[in-house]
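Here is a protein model to read with a few questions in hand. Look at its overall build, then at its pockets.

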Amino acid sequence: MSYSRFAIYYVPPDGPLADFGASWLGWDVLRGCEALQPDMPDLDDITMTPRKYGFHATLKPPFRLAHGQDVQTLEAATSALAVSLAPARCDGLELTALGGFLALTPRGDMQGLRRVGGTCVRALDRFRAPASEAEVARRRKAGLNPQQEALLAQWGYPYVMEEFRFHMTLTARLSQDAIARWSAAVQRHLPELPSPFALDQIALCGERADGRFEVIHRYKLTG
């Protein structure tokens, strides 16, 4: 299959958490197919934005291939990176209202997660085509601070390195009134969350012609 963009994600392994994420969002990023959502009013609407990306945590944000690079070389480089990269752990995951949307976020020390994310950004950046002027302008609409501006200029995305926050998105931005209602709904469907949580694999994902992402290959971190 041909892909327009690529990304490095954490995608949970097969099991209750992955099944929950696919069902909740209505898209199974691992298998590249639609998933049946719970029968809940408005669930389709509030998950429409994150659905295209699937249930994941971003490590290296979506990028177009730089001139002269190809998918096979990117796959080989991602595999080599995983062999050299040690897993990261934190106390666990929890449901959080993050900037107006709901997500699973880590509890405890994030230093290891930030190490993995930063290494993915740096090690594979030669494969990233520079961000277009339109992409940069869209990012700036969020009102970036000076550090985020510098990260956007260097890495094509403002929320990496020091600004990175590991999260697995579950909704679009919600009103303040809706956050409590949807938090309760998520809690009713969540499986038992991992405690501790191990970031021990990464996934190379691609954006399909229909705009949705799917896993191309997953790699165990064995460094």
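**Overall build and main pocket**

Q: What percentage of the 223 residues in the protein is buried?
A: This is a predicted model. A residue is buried when its relative accessible area is under 20%. In this protein of 223 residues, the buried share is 52%.

Q: Why does the radius of gyration agree with a compact globule?
A: The protein has 223 residues. A compact globule of that length would have a radius of gyration near 17 Å. The two agree because the protein itself has 17 Å.

Q: What share of the contacts with a separation of 6 or more joins residues 24 or more positions apart?
A: A contact needs heavy atoms within 4.5 Å. Take the contacts with a separation of 6 or more. Residues 24 or more positions apart account for 74%.

Q: Which residues are closest to the centre of the largest pocket?
A: The largest pocket has a volume of about 1400 Å³. Its lining holds 45 residues. Closest to the centre are Thr58, Arg139, Tyr157, Tyr159 and His167.

Q: Which element gives the largest share of the lining of the largest pocket?
A: Helix 3 (48–51), strand 4 (57–63), helix 6 (133–140) and helix 7 (146–155) each give two or more residues to the lining. The largest share is seven residues. That share comes from strand 4.

Conventions
Residues numbered from 1 in each chain as written. Predicted model: local features only at pLDDT ≥ 70, side-chain atom pairs only at ≥ 80, totals over all residues. Heavy atoms only, no water. 1 Å grid on protein atoms, 1.4 Å probe; cavity = no way out; pocket = protein on both sides within 12 Å on 5 of 7 lines; lining within 4 Å. Points joined across faces, edges and corners; volume = space filled by probe spheres on them. Helix = DSSP H or I, 4+ residues; strand = E, 2+ residues; numbered from the N terminus. Rg over C-alpha atoms; globule rule 2.2 N^0.38 Å. Buried < 20%, exposed > 50% of the residue type's maximum accessible area, 1.4 Å probe, protein only.
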